[in-house]
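Please read the numbered points beside the sequence and the model.

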Amino acid sequence: MNLRRDVFQAIADPTRRAILLLLATQSMTAGAIASNFDTARPTVSKHLQILTECELLEQEQNGREIYYHLNPQKIKEIASFIEPFRKLWEERFDKLESIMKNFQGNKGKEEGANS
């Protein structure tokens with residue numbers, strides 16, 4: 001049975017998120033990616049394998065080298081999933097900010113009346 005890795009478990013790891021950020025602007029080989037980390041190359045290769053299995057990265061053969069690059073469609077799917085939650089929390093934070101401003105404004109009026 002072929003179990004697919006969960007994309008959110010994959011991006012929960014800070015090293016994998018750092019790899020995604022590295023590849024956001026350019027394609028890179030595994031060796032070039034690994035040179036940005038203080039871990040062993042096989043460890044970085046395992047991270048690349050997980051990101052590829054989740055379809056966050058795609059591989060492209062160029063001669064003897066394999067280049068990794070972001071899969072923009074998969075990134076877009078993740079962003080689309082997260083967007084409603086972002087909007088919900090943004091609305092809640094805006095409401096909280098409004099309540100806090102009203103509270104601080106009323107507190108200042110009370111202190112001015114007591115002087």
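Is F103 buried or exposed?

1. The model under review is a predicted one. In this model F103 is exposed, because its relative accessible area is 51%, above the 50% cut-off for that class. The residue belongs to helix α5.

2. F103 is also part of a nonpolar surface patch, together with F8, F81, I82, F85, L88, W89, F93, L96 and M100. Helix α5 supplies the largest share of the patch, namely nine residues.

3. Helix α4 comprises 13 residues, 41-53. At 1.5 Å a residue the helix should span 18 Å, and its end C-alpha atoms are 18 Å apart, so the two values agree.

4. The buried residues of α4 are V44, H47, L48, I50 and L51. They lie on the same side of the helix, because they cover an arc of only 160° around its axis. As a general rule, an α-helix has 3.6 residues a turn, so residues three or four places apart point the same way. The packing partners of the buried residues of α4 are α1 (7-12), α2 (14-22), α3 (30-34), β2 (57-62) and β3.

5. After α4 comes E55, which has a positive phi near 70°. E55 is one of the residues touched by N71; the others, leaving aside residues up to four places away in sequence, are L56, L57 and E58.

6. N71 itself sits in the loop between β3 (65-70) and α5 (72-114). N71 counts as buried because its relative accessibility is 12%, below the 20% cut-off.

Notes: Residues numbered from 1 in each chain as written. Predicted model: local features only at pLDDT ≥ 70, side-chain atom pairs only at ≥ 80, totals over all residues. Heavy atoms only, no water. Helix = DSSP H or I, 4+ residues; strand = E, 2+ residues; numbered from the N terminus. Buried < 20%, exposed > 50% of the residue type's maximum accessible area, 1.4 Å probe, protein only. Contact = heavy atoms within 4.5 Å. Patch = residues over 30% accessible without salt bridge, like charges linked within 9 Å, V, L, I, M, F, W, Y side chains within 5 Å. Areas by Shrake-Rupley, 256 points an atom, 1.4 Å probe, with all protein chains shown as cover. Salt bridge = Lys/Arg side-chain N within 4 Å of Asp/Glu carboxyl O. Expected span 1.5 Å × (residues − 1). Arc of directions from axis to C-beta.
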